[in-house]
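Reader: Could you walk me through this structure, and tell me what stands behind each label you use?

Author: Gladly; here it is, and then ask away.

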Amino acid sequence: MKTIERITILGAGTIGMSWAALFLASGRTVTICDPDESIEPKMLAFLASTKTALISLGWPNAGCNKKLRFDANPVTAVQQAQFIQESIAERLDLKHQLYQSIEPHLAPGTPVATSTSGLGLTELQRGFKDPSRLILAHPFNPPHLIPLVEMMGNQDTDTSLLAHAESFYTSLGKQTIRLEREIPGHIANRLQSALWRECIYLLKSGVASLEDIDKAVTYGPGLRWAALGPSSLFHLGGGDKGISGFCEHIGPPMQTWWDDLGDAQLDAETIALLEEGMAKITAHSNSETLRHRRDTLIVDFLQSIKNLSDD
Ligand SMILES: NC(=O)c1ccc[n+]([C@@H]2O[C@H](COP(=O)([O-])OP(=O)(O)OC[C@H]3O[C@@H](n4cnc5c(N)ncnc54)[C@H](O)[C@@H]3O)[C@@H](O)[C@H]2O)c1
């Protein structure tokens, strides 16, 4: 397979711009295709905002726009591309329309990776006459910082393209995982939505404030989860007997907690409660402060992981 030097980003909103910043930092030529008339200044401002973090993560070319191109016409934007990262709005009809318009103009063997958070690969593939080049590559926001990419192909996928894309993301420092079958929300979104459902239940039941529920995650299990996954942590919690010791000891109470877990609906009343809770949090830490804290701590943590693996 050819090395990937020229990438086209279809849709440069929250996710597409962040992918573009990472691809540019790695020295690739990136073409942005987005109908937004103000996409150029937005992309340039975003690129500048990611420079410090990406340089800290080992990308000395971060923030450089010499290899950045703009082309609002998808047909010409994809013609020279060796890799496509599609990140347009989460609407099946729009994605299908776009796939149909670009398919005749793609070079043979060019993978099209979709960032979709929730649409199924099979339904998305219906936008192609030849579905073999479409793969799932779902990032976590912001993709220029968060390593996870959830990947999937199916029986119609060219598995060599999937492997090619996977090794490309890995070369950028991404941690890829594979879904063995389709499921709404893939893996990580299901996990975080399960936790958030319980956060909302605890808030609505008057157990604690939104701020304290957030703190319970940030200063407790969240800190551990950034180091190890929940099953590995419980294995350590089981002492000499590992995971079976943990299940023996904590399993029975855990079962009663599972049985008692709450439900949630994002109805008007719930949204008002969330807004009220967030107003209290942002009264002392506005969104800019929260964003700065998120990005600074994530970069510090990623540097620590890198140092640990370099040891
Ligand atoms: N926002 C997240 O946290 C997140 C995380 C992971 C994955 N995703 C997925 O990434 C994709 C994009 O999400 P987003 O949050 O960046 O959306 P967004 O609304 O911020 O950006 C979408 C961009 O696509 C552009 N666009 C619309 N139609 C287009 C077309 N035909 N051709 C080219 N560009 C077009 C829009 O102008 C806009 O700039 C979605 O599939 C979403 O599910 C989002």
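Author: Let's begin with His 186, which lies in the loop between strand 8 (175-178) and helix 7; helices (H or I, at least four residues) and strands (E, at least two) are DSSP runs, numbered from the N terminus. This is a predicted model, where local features need pLDDT of at least 70, side-chain atom pairs count only at pLDDT 80 or more, and totals for chains, interfaces and linings use all residues. Residues are numbered from 1 along each chain as its sequence is written.

Reader: What makes the phi of His 186 worth a mention?

Author: Phi of His 186 is near 55°, a positive value in a residue other than glycine. A positive phi, near 75°, also belongs to Gly 206, which follows helix 7.

Reader: How do you know that the span of helix 7 is close to the expected one?

Author: The expected span of a helix is 1.5 Å times one less than its number of residues. Helix 7 has 17 residues and reaches 24 Å from its first C-alpha to its last, close to the expected 24 Å.

Reader: Why are helix 7 and helix 12 called roughly perpendicular?

Author: Their axes cross at roughly 85° and come within 11 Å, for helix 7 (residues 188-204) and helix 12 (residues 268-284). Axes are lines fitted to C-alpha atoms, for helices over the stretch in contact, and angles run from 0 to 180 degrees between N-to-C directions. Angles under 35 degrees count as roughly parallel, over 145 as roughly antiparallel, 65 to 115 as roughly perpendicular and the rest as oblique. Helix 7 and helix 12 are therefore roughly perpendicular.

Reader: Which residues meet between helix 7 and helix 12?

Author: Ile 200, Leu 203 and Lys 204 in helix 7 meet Thr 270, Leu 273 and Gly 277 in helix 12; contact asks for C-beta atoms, placed from the backbone, within 7 Å. By class there are 3 nonpolar, 2 polar and 1 charged. Ala, Val, Leu, Ile, Met, Phe, Trp, Tyr, Cys and Pro count as nonpolar, Asp, Glu, Lys and Arg as charged, and the others, Gly among them, as polar.

Reader: What makes helix 10 roughly perpendicular to helix 11?

Author: Helix 10 (residues 230-237) and helix 11 (residues 242-260) pack at about 80°, with their axes 6 Å apart. That angle makes helix 10 roughly perpendicular to helix 11. Among the residues that meet there are Phe 234 in helix 10 and Phe 246 in helix 11.

Reader: Which residues come nearest to the ligand?

Author: Gly 11, Gly 13, Ile 15, Ser 117 and Asn 141 do, out of 24 residues around the ligand; near means a C-beta atom, placed from the backbone, within 6 Å. Helix 1 gives the largest share of that shell, 3 residues. The shell divides into 11 nonpolar, 10 polar and 3 charged residues.

Reader: Is the peptide bond from Asn 141 to Pro 142 cis or trans?

Author: That bond is cis, with omega near -5°. Pro 142 lies in the loop between strand 6 and strand 7.

Terms used: Two residues are in contact if their C-beta atoms, placed from the backbone, lie within 7 Å.
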